[in-house]
Amino acid sequence: MATHHDEEDELNDLKMKHKLHDTEDEDGEEEEEEDQNWDDWKTDGEEEELEGSKAQLLCLFCDSVYSSCSPLFKHCASAHHFDFNAIKKTHGLDFYKCLKLINYVRYQVAENRCWSCGMTCQSLRDLQNHLHGVVNFESSMLQWDNDRYLSPILQDDALLYSFAEDEEDEDGDNMSFDPKELVNWNQFEQISIEDENCSDRYVSQLMTPCENVGNEVASASDRGIKAGVEDAVSSFRNEKDEQFNVSSAKIVANQIRDINKSYFGSYSSFGIHREMISDKVRTDAYRQAILENPSLLRGAVVMDVGCGTGILSLFAAQGGASRVIAVEASEKMAAVATQIAKDNSLLRSGFPRSSGQHDGVIEVVQGMVEDLDNATHIQPHSVDVLLSEWMGYCLLYESMLSSVLLARDRWLKPGGAILPDTATMFVAGFGKGGTSIPFWENVYGINMSCIGLEEVEDAARNPIVDVIDSCDIVTTTQVLQTFDLVTMRSDQMDFTAKVDLEPKLVTPTTNSTGSESEITWCHGLVLWFETGFTERFCSDMPTILSTSPYNPKTHWSQTILTFREPIAMALAKVTSEKPAAVGTDACPAVSVQSRISIVRAVQHRSIDISMELSGIGSDGRKRNWPAQLFTLN
């Protein structure tokens, strides 16, 4: 720490420097001394630090470092599809909006999220591969045009103090504000407008050094006046950020509460339960896994997450479980499950009989799994078998899997069983028959194909849950993602995967010759899943529940993602006299590389799906199509 004597010497040296500067000034006016910019006062160490920082401009998307903004922004444009200067000029962004944009991009990259479309990737490498030009600038702008992005995510981010200076050098157009003073000016504005109660306190902290410089320099020690001011600004900003975060958290919590209320309310309808129970593929798979693996269920404590009518809990009781905890969030369905268990003499009474045994084994607990922390009658890690039918459309819609994983971590015994214990997602390409086009092409002999084309355009924006006939699958089938419910984390529900789809051999059933050069048109991708009751726990009778188009249909159907335009595919090269774009009938693709991301959407219980396509020609040429974004809600 500097002594008072050292500080006094430092002050005298600084005053001498300014006196010499005034002597050399052409005007020689004494008023210059009073108008000195105190932010120019720097110790030798501070000068070295600032000079070093000028050479440390970190790229927004990777670890590349540049000495000035011009090469940095050129790198961002060429390597990461982010053209800062073009965005600024095209949309007339002022200094503050540019500042927010830079901070917003850094915030997004820190979370492996695309700044433009909002898709979350599994890693920074995946994000860098995903980055693309602006999809919808107005929509993106709404996200980052928020005062919270006046706060940088990087401490001492040199780029925030350099991009305006670099622009001034190139264009000769002075900015309206000095970027080094911007943060101070902005905070004065926020204090006077946003927080009248605390304005006096913070104005006092910020203004005192300027009113009595000689006395306040020593109190600022060798940090300098500017550092003292910035500390006060930082304190104010932290309070504002905390208020913002608390307010945002309340808004999000209310939204989640409303969505949950609507979601569980929808399960109060008996129609949806009839549909699920009537799904023979679904119900038989669970019944077989439970009743035909007696060594797993006999004497076990079972938890059924999201029991609905309680049918799986009833199977578990029939299979020999000693206790079944049926958890149901819907108040109405919890009452229904209780009555059904009672009507079948399987409801667990509150008092044991004289023999010490209860009348039944099923006890129904009304509430969300997430809210059962205070359920003292359910001891942590006391469950032998965790049972749930949690799958939604496209497997992950409804986001119920996170509740199952939470129950696993809180109540399942080490080495306990999960039914089902695996889940796998598949993808394949479908042909024209998977769209509505054929129907509208001939309606009682009348051509209404214009309706079919319009429906296809709408389908290219919204995923469709429907049944695809297996004869309409025109490519190979690939595994998109696998989940092991025993070991997976909740954040692994968000993923990005790449698959390479090749055309299937065309068969006579599709009115073709079966030639490898036969062209087939791929109109989109279809997703489905299967869950496994594997030998790991179901050693007596392993079971698979599949929603494949090659198997009997289920109430989950399949999830259909339609291309904006169909892609021509063929196994062999098709000769053409003229060069043509890959994916056309003159140059069909021999494979389509698909990059698919599925993440939990901002809207609770919904999922966002991103699809990026590249066609590979027989000559090795590659064609990319713009990314398509879908939300399943």
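**Figure 1. Overview of the predicted chain.** Of the contacts in the chain with a separation of 6 or more, 68% are between residues 24 or more positions apart; contact means heavy atoms within 4.5 Å. The model is predicted, so local features need pLDDT of at least 70 and side-chain atom pairs count only at pLDDT 80 or more, while totals for chains, interfaces and linings use all residues. Residues are numbered from 1 along each chain as its sequence is written, and side-chain values use heavy atoms, with hydrogens and water left out. The chain holds 21 helices and 17 strands. Helices (H or I, at least four residues) and strands (E, at least two) are DSSP runs, numbered from the N terminus. Of its 633 residues, 45% count as buried. Buried means under 20% relative accessible area, exposed over 50%, and partly exposed in between (1.4 Å probe, protein chains only).

**Figure 2. The open sheet of five strands.** The strand order is β5-β4-β3-β6-β7, with parallel pairing; two strands pair if DSSP finds at least two bridges between them. At the edges stand β5 (362-366) and β7 (412-419), each pairing on one side only. On average, neighbouring strands of this sheet are turned by 25° against each other, direction ignored. Axes are lines fitted to C-alpha atoms, for helices over the stretch in contact, and angles run from 0 to 180 degrees between N-to-C directions. Four bridges connect β6 (residues 383-388) and β7 in the parallel sense, and Leu-387 stands opposite Leu-419 in β7. Helix α17 (residues 311-318) packs on the sheet, where it touches β3 (301-305), β4 (323-328), β5 and β6. The direction of α17 makes about 175° with that of β4. Helix α19 (residues 401-411) also packs on the sheet, touching β3, β6 and β7, and its direction makes about 150° with that of β7.

Figure 3. Leu-419 and Pro-420 are joined by a cis peptide bond, with omega of about -5°. Pro-420 lies in the loop between β7 and β8 (422-430). Most residues other than glycine have a negative phi, and most peptide bonds are trans.

Figure 4. Strand β15 (residues 589-600) and β16 run antiparallel and are joined by eleven bridges; Val-599 stands opposite Asp-608 in β16. The two strands form a hairpin with six residues between them, and Arg-605 in the turn has a positive phi of about 75°. Strand β16 (residues 607-617) is mostly covered, with ten of its eleven residues buried. On to β17 (residues 622-632), β16 pairs in the antiparallel sense over nine bridges, and Ser-614 has Asn-624 in β17 as its bridge partner. Four residues separate the strands in the hairpin of β16 and β17, where Gly-620 takes a positive phi near 90°.

**Figure 5. Two edge-to-face aromatic pairs.** The whole structure contains 15 aromatic pairs. Rings of Phe, Tyr and Trp (its six-membered ring) pair if their centres lie within 6.5 Å; planes under 30 degrees apart count as stacked, over 60 as edge-to-face and the rest as tilted. Phe-439 and Trp-440 form an edge-to-face pair, 4.9 Å centre to centre and 90° between the planes. Phe-439 is exposed at 54% relative accessibility, whereas Trp-440 is buried at 19%. Phe-529 and Trp-556 also pair edge-to-face, 5.5 Å centre to centre with 75° between the planes. This pair links distant parts of the chain, 27 residues apart: Phe-529 is in strand β12 (residues 520-533) and Trp-556 in the loop between β13 (543-546) and β14 (558-569). Phe-529 is buried at 2% relative accessibility, and Trp-556 is buried with a relative accessible area of 2%.

**Figure 6. Charges over rings.** A charge sits over a ring if NZ of Lys or CZ of Arg is within 6 Å of the ring centre and within 35 degrees of the ring normal. The charged end of Lys-332 is over the ring of Phe-270, 4.7 Å from its centre. Arg-287 lies over the face of Phe-315, at 6.0 Å from the ring centre.

**Figure 7. Two loop residues with positive phi.** His-81, which is not a glycine, has a positive phi of about 60°. His-81 is in the loop between α4 (69-80) and α5 (84-91) and is partly exposed at 43% relative accessibility. Asn-112, also not a glycine, has a positive phi of about 55°. Asn-112 is in the loop between α6 (95-110) and α7 (124-130) and is buried, with a relative accessible area of 18%.
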